[in-house]
Every structure is written in C-alpha cells, then in structure tokens.
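Please read the following report alongside the sequence and the coordinates.

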Amino acid sequence: MAMSLTSEARMIKGVGPQRAELLAERGIYTVGDLLGYLPFRYEDRVQFSQVKDIQPNGTYTIRARVIGGQAIRNRRFRRDAIYHLLVEDEAGGLLSCKFFHGGYLEGRLKAGQLLILHGKAEVDRLRPARLEMINPQIELLEREETDSTEMGRIVPIYEAIGTIGSKQIRRAMYAAVQLIDPRMPDVLPENLRARLGYPARGEALRHTHFPEPTESLDRLNTFRSPAQQRLIFEEFFLYQLSLGLDRHATRKENAIAFRVREDRVREALKRILPFKPTEAQKRVLAEIVADLEKPAPMNRLLQGDVGSGKTMVAFEAAVIAIENGTQAALMAPTEILAVQHFLSARRTLGKAGYRAELLISGLKPAEKQASLGRIRTGEAQLVIGTHTLIEENVAFARLGFLAIDEQHRFGVLQRKRLMDKAASHGPRPHVLVLTATPIPRTLSLTLYGDLDVSVLDELPPGRTPIVTRVTSERHLPGVWEALRREVAAGHQAYIVYPVIEESKLELKAAIEEYERLSKEAFPTLKLGLLHGRLASEEKDEVMQRFHRNEVQILVTTTVVEVGVDVPNATVMVIEHAERFGLAQLHQLRGRIGRGAEKSQCILVAPFRMTEEARARLDTMVRTSNGFEIAEADLELRGPGEFFGTRQSGELGFHIANPLRDKHLLELARKEALALVEEGTQRRELQRVLGMLPGEWQRRYHLAKVG
Ligand code: ADP
Ligand code: MG
C-alpha cells in the first residue's frame with residue numbers, strides 16, 4: 001500500500017508499534033503529525049570543530065573517538081555517578097567530558113567508538129589550563145557513518161520523545177519527508193504566500209527538517225530561515241484569523257445601545273463617585289462610553305497597573321447599564337475579592353439606591369436560591385460573584401454589562417466561554433475585561449487580539465512610593481519591631497507566607513507561624529489568619545475585621561494577591577520571597593501604598609539563592625512600575641512561563657514564539673485581519689477554514705463561523 005501523510009506513523013520504517021505508542025502520547029498519530037514535530041536546533045556536521053580551536057564558554061560540535069571512560073560513584077548514593085569520558089578528535093586533540101548522573105553510559109561507550117559531542121566548553125576547575133565539556137549531548141555513530149541523515153550536512157536535533165532519541169526521530173523524519181508531495185494543499189492563500197515570498201508548505205517542512213547545505217547554521221538556530229519563518233507565520237496567522245473571526249462574529253451580534261448623554265445618567269454617575277476621577281479614568285470612561293452607545297457589543301480590555309483605580313471605572317459603566325434598564329455583573333477570580341467588591345459596591349452604589357447582589361459558592365442553599373431569584377427577576381441590578389456567575393442555573397433577566405476582573409487569572413478560552421454563556425439569554429452584553437498584568441503590546445495582541453484596549457496609565461493622586469528592601473531571616477526580630485511601630489501609629493500590616501498551591505504542608509507551616517507570632521512576637525496585638533482553605537464565612541469575617549482595623553496584622557497566603565484593598569495597611573512582610581514569581585510579588589505589594597501614608601515592603605529571603613531569584617528581588621527593589629516588572633519577568637522566564645502553562649498550551653504554538661518573533665506576529669495579524677475584512681463569504685477564507693486542522697476548529701469554535 002502506498003504511504004502518504006495520512007498513513008499511520010507506525011508504518012514508517014523503524015517506528016513500529018511500541019514507538020508508535022510513545023508518539024501517540026504526544027498527539028502524533030500520522031506521518032503528517034510527525035512532520036509537525038520540528039527540530040529545536042541544528043548541528044553543522046559538514047565542518048566539525050576541532051578541539052585545539054575551542055574557547056571557554058563557546059558551544060561546539062565535535063566528532064571524536066572514545067579513548068576511555070569511567071563511572072565514579074558517590075559513596076552514599078550508589079546509583080548516582082559521574083561519568084568521566086576522554087575523547088580524541090581526528091587531529092589528535094584530547095577533550096575530557098563529565099556527565100553528571102552519567103551511570104547509564106557505563107559499558108555503552110567502548111574505546112574506539114565514534115561519536116558526536118555537542119556542548120559548551122568550560123574551564124576545568126581542577127586543572128584551569130584545560131577545557132572540558134559538562135553533560136554534552138552525544139550521538140553514537142555506527143560504523144564509518146556516511147548516511148545522509150547523520151553526516152555531511154546540517155543535521156536537525158529533536159527533543160527526545162520518551163525513549164525515542166533525536167537520532168531515531170531524525171531517521172523516521174527522513175522517511176516521512178520523502179512522502180511530502182510538493183503540491184500538497186497549503187493553508188496559506190497562494191497570493192499571500194507569493195507576496196511575502198514564503199515557500200510552499202511542503203517545501204517549508206522539508207527544509208525545516210533537512211535544510212539545504214547552503215542554509216546558514218546561525219539563521220536556522222535563531223529560527224530565521226525562510227522555511228521556519230513561514231511555519232511561524234502560519235501559526236500566528238491561523239491564531240489571529242480565529243481571533244479576527246470571533247471579533248467579526250461578535251460585532252455582527254446585537255447589543256443594547258445605551259443612552260449616556262442624558263442628565264439622569266450624568267447625575268447618577270456623579271452621585272456614586274467617592275472622589276474626583278484621575279485624567280486617565282476620565283479618558284478611559286469616555287472610550288467605554290463610546291462603545292456602550294453603539295448597538296454592537298463592547299469587547300474592551302482595561303489595562304491598568306495595580307492600584308490605578310480600575311474598579312471605579314467598572315462601577316461607572318455598571319451604573320450606565322443599570323440606568324438604561326439592564327443588569328450589570330462583575331466577575332472576580334476569588335471569593336475574597338468578590339466579597340470586597342460587593343461591600344464596596346454596597347457602600348458606593350447602595351448609597352445611591354442601586355441593589356447589589358452577591359453570588360458565590362459559599363452561600364447557604366436558601367440564600368443562593370433567593371439570590372438566583374432576584375437575578376432572574378431583575379431585582380438584582382449589580383450582581384457580583386466568582387465563576388459561579390457562569391453556572392448553568394444562573395439566568396439574568398436582562399444582562400447589559402459584564403466586567404471580568406483580574407483577567408490574568410482566567411484563561412483566554414475561559415473568557416470566551418463566559419462571554420458566550422452571558423449571551424445565551426438574549427442580546428450580548430457589553431464586556432469589559434480588567435487586568436493589572438501590563439504586558440508589552442505585541443504580546444497583548446496574542447492574548448487579547450480580539451479586544452480593544454484602554455490603558456489607565458496614571459495612579460490616583462496622593463500616593464507615596466513604597467520603599468522595598470530585602471532582608472534575611474536573621475533580621476526578623478528587627479522586622480517585627482518595625483511592624484509594632486507601624487501598628488502603634490494606627491496602621492495595619494500583612495505578613496505573607498508562600499502557600500502557593502495551598503498544599504497541606506505549606507499551609508501547616510503558615511498556620512504554625514501564625515500561632516507562634518501571636519504568642520511570641522505580637523502577644524498584645526490583634527492578629528488574623530487568612531488562607532484559601534477557610535470556609536467562605538470565615539474568610540469574610542477575617543477580611544471584614546481587617547477592613548475595620550479590628551485585625552491589625554493579617555497573616556496570610558497568596559489569597560490576598562489580587563485586588564484586596566485596605567488603604568490603612570502600610571507594611572507588607574513577604575517571607576520566603578524567593579519562592580514567588582515577579583508578577584506575584586508585584587501583585588502582593590500592590591496591597592500596600594494605597595493611601596497617603598508611607599508604605600514599606602520587606603522581602604525576607606535566605607542569603608543563598610539562585611541567580612534568578614536574586615534578580616527577581618533586585619527588580620522589586622529597583623522599581624514598582626508594573627510595566628518594567630513585566631518586561632523583567634519576560635526576560636527572566638521567557639514567554640511560555642510568563643503566560644503560564646495554561647495559556648501557552650491553549651495558544652498551541654509549536655514553533656512560534658511571540659517574544660522572539662514579534663515582527664511576524666504583527667505581520668500575521670495584519671494579513672489575517674485583512675482576510676477577515678474581505679468578508680467571511682469569500683471563497684479564499686472559506687477554503688482556509690475548510691483546511692484548518694480539527695484541533696484548531698475545536699479550539700476556537702470556528703465551526704460556528706460562515
Ligand atoms: P486596581 O486598579 O488595582 O483594581 P482599585 O480599583 O482597587 O485599583 O483602586 C485602588 C485604590 O484607589 C482604591 O482604594 C480606590 O478607592 C482608590 N481610588 C481609585 N480611584 C481614585 C481616585 N480617582 N482618587 C482617589 N482614590 C482613588
Ligand atoms: Mg482591582
């Protein structure tokens with residue numbers, strides 16, 4: 001039977017049923033799927049480096065023969081060994097290598113064996129005159145290998161899949177590449193491809209796996225070869241296309257056009273404002289109003305650093321919706337935050353006669369039923385809750401406006417689902433997404449490409465900058481002394497423990513610390529304990545007492561990370577600060593410095609920590625600008641980590657990297673939107689949609705388009 005790209009992967013020579021199973025675990029079922037598994041780097045196996053030429057810290061690929069090797073075992077942990085290897089290249093240069101956890105190499109490397117080493121040259125600590133390689137990647141060569149996949153060319157290196165090493169993947173890939181039909185259908189429109197000078201899909205795949213000898217190694221390893229650029233473009237293009245289509249579909253839907261320019265509405269807005277809005281708040285409200293007056297749904301992202309006053313803007317939009325005879329809803333990522341928003345809504349909107357409703361899972365069944373009833377009849381005008389708002393049994397009488405707070409806690413798709421859900425009963429509500437994660441513009445296009453963006457780039461007046469410093473556990477007595485002074489001056493404090501996943505062990509430590517602090521460091525002060533495992537009422541109770549200054553020191557976990565607003569709190573001590581990420585530290589610190597008083601943030605960390613951890617804490621000391629912190633965070637962690645695994649997994653990029661490939665992202669966005677603008681009924685767009693892999697169609701609900 002003739003093989004093709006749709007043949008099962010196990011049909012490829014050298015794959016077989018066992019390896020096929022490993023591939024399937026990675027979602028690779030067919031030959032075509034396999035071709036989508038791209039190399040992460042390349043080696044020049046035409047011109048090898050010579051040992052005599054290598055320099056400290058350079059990275060080299062060397063072909064050499066084994067002289068000898070020996071595993072040296074740790075006396076206590078017999079299984080842990082360092083494998084010492086000595087090799088010699090063709091010119092007679094000797095190189096020693098060390099493999100940590102290298103016991104597995106014992107007996108596998110025999111004298112005379114030919115191999116290829118790839119790694120960084122480092123100065124040998126014991127003999128500084130010599131260079132060595134630590135844990136280089138090695139590939140054994142059989143015979144005098146002349147095989148065109150292994151030698152005499154630029155060779156692709158793949159991430160191993162289970163026990164299938166790069167070499168085996170390369171061989172299977174070589175067979176798969178032979179099956180590419182140069183005229184295979186191309187998801188990129190022909191004229192677009194011609195205009196951008198991109199190779200056809202088949203050619204791009206072939207050259208990405210097995211580059212032409214004329215291709216530059218440097219270009220390949222920086223993902224700048226034309227073939228790679230085309231594949232990167234394709235991923236961005238399809239993603240942006242899906243966002244564009246979504247946006248297009250939403251625009252066609254009906255929403256209620258609100259009337260804002262009426263005295264009644266203006267009066268209402270004035271009535272609820274507890275303070276004079278900043279210029280930024282005024283500008284952003286005007287942008288929102290312009291959207292709300294249109295009969296198409298608003299889809300807007302409100303980006304503003306921690307403490308910039310996003311809540312008030314959301315409340316203003318809510319009042320406009322209510323004055324127009326509809327309901328408004330505000331969804332928060334945590335119960336604590338929902339309750340806090342609810343209390344502040346009652347303070348401001350309640351005073352003006354609006355009825356706010358709280359809907360969280362912690363409610364008693366009877367309360368919940370009553371609440372659901374008031375939402376159904378429309379009696380509840382502003383509904384505040386957690387993700388409970390999108391549960392099956394929640395039906396709004398007439399939802400006109402929906403705000404989603406602290407969007408970075410929700411995934412992109414979660415937001416989409418929420419918006420669909422909100423629209424399932426009647427016209428689509430206007431949606432405002434609030435986020436404090438200041439991400440660079442190009443990246444915000446990848447995450448929020450379907451939203452219009454407003455920016456609150458000004459903090460309310462009268463804030464004094466927060467002083468941040470790093471100290472070690474040894475100095476804690478002094479830190480506690482500073483806390484006592486602050487409390488004596490009438491202020492409040494947070495002490496934060498790293499219970500990040502709310503694991504039992506971490507939680508136990510936090511609770512024990514709370515007990516110890518209550519007894520030893522602050523026996524005369526009122527302490528409160530807040531963590532995610534408390535029942536809703538308990539959380540509420542503690543937070544309310546903290547709001548009323550009946551709790552002076554709140555011992556807590558990352559549950560206070562988002563949104564909590566107690567302006568009288570002026571000190572935050574973060575223990576084990578080295579365990580937190582930058583974004584998290586910034587969010588946490590945003591809980592203080594909210595009033596006119598001087599605030600201080602004390603980061604407690606051990607003397608010894610990783611370079612990365614130190615860089616994080618240094619960044620916190622250096623700046624409190626969320627934008628700078630986000631950039632530093634991106635630099636330290638790279639985009640995958642930055643977005644969080646959930647986000648990057650959802651985006652489904654295999655080769656594209658939004659940070660590295662910014663210009664392609666911009667280009668792809670422009671082209672994708674142009675295609676959508678041409679009209680969804682046009683043949684070219686229909687053709688592209690018809691060709692999208694099922695994965696994409698499912699991911700972006702593209703089925704509903706057309
Ligand atoms: P975030 O943008 O982080 O959600 P909040 O909405 O919680 O910020 O606002 C932070 C603090 O600033 C709150 O105490 C809020 O009452 C206050 N605030 C907001 N806008 C103003 C303003 N225009 N003038 C003075 N204080 C303001
Ligand atoms: Mg907020």
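The sections below describe a predicted model, moving from overall totals to single residues.

## The chain as a whole

The protein chain has 706 residues, of which 54% count as buried, and its secondary structure comes to 23 helices and 21 strands. Among contacts between residues at least 6 apart in sequence, 74% join residues at least 24 apart. The accessible surface of the chain comes to about 32700 Å², and 51% of that surface belongs to carbon and sulfur atoms.

## The surroundings of ligand 1

Ligand 1 is surrounded by 16 residues, the closest of which are Gly-307, Lys-310, Thr-311, Arg-463 and Asp-565. Sorted by class, this shell holds six charged, six polar and four nonpolar residues.

On the backbone side, a nitrogen atom of ligand 1 lies 2.9 Å from a backbone N or O atom of Lys-276, while a polar backbone atom of Ser-308 is 3.4 Å from an oxygen atom of the ligand. From a side chain, an N or O atom of Arg-594 is 3.1 Å from an oxygen atom of ligand 1. Taken on its own, the ligand has 560 Å² of accessible area, and the protein covers 86% of it.

## Nonpolar cores

The largest nonpolar core has 64 residues, and the members that touch the most others are Ile-288, Ile-320, Tyr-354, Leu-359, Leu-382, Phe-396 and Phe-401. Helix α10, which spans residues 310-323, supplies the largest share of this core, with nine residues.

## Leu-359 and Thr-388

If residues up to four places away in sequence are not counted, Leu-359 touches a set of residues that includes Lys-368, Ser-371, Leu-372 and Ile-375, as well as Val-383, Thr-388, Leu-389 and Val-394. Thr-388, one of these partners, sits in the loop between β12 (382-385) and β13 (399-404).

Is Thr-388 buried or exposed? Its relative accessibility is 1%, so Thr-388 counts as buried, the cut-off for that class being under 20%. A polar atom of the Thr-388 side chain lies 2.8 Å from the backbone oxygen of Leu-359. Apart from neighbours within four places in sequence, Thr-388 is in contact with Leu-359, Ile-360, Ser-361 and Val-394.

## Leaving aside neighbours within four places in sequence, Arg-271 is in contact with Glu-323, Ala-352 and Tyr-354, and Tyr-354 is itself among the core members that touch the most others. Arg-271 and Leu-349 are 78 residues apart in sequence, with 8.5 Å between their C-alpha atoms.

Ala-488 has its place in helix α15 (residues 476-488). With a relative accessibility of 69%, Ala-488 counts as exposed, because that class begins over 50%. The C-alpha atoms of Ala-488 and Gln-552 are 9.7 Å apart in space, although the two residues are separated by 64 residues in sequence.

Technical notes. Residues numbered from 1 in each chain as written. Chains lettered and ligands numbered in written order. Predicted model: local features only at pLDDT ≥ 70, side-chain atom pairs only at ≥ 80, totals over all residues. Heavy atoms only, no water. Near = heavy atom within 4 Å. Polar contact = N/O pair within 3.5 Å; in protein donor to acceptor, adjacent residues only side chain to side chain. Areas by Shrake-Rupley, 256 points an atom, 1.4 Å probe, with all protein chains shown as cover. Nonpolar A, V, L, I, M, F, W, Y, C, P; charged D, E, K, R; others polar. Core = buried A, V, L, I, M, F, W, Y, C linked by side-chain atoms within 4.5 Å. Buried < 20%, exposed > 50% of the residue type's maximum accessible area, 1.4 Å probe, protein only. Helix = DSSP H or I, 4+ residues; strand = E, 2+ residues; numbered from the N terminus. Contact = heavy atoms within 4.5 Å.
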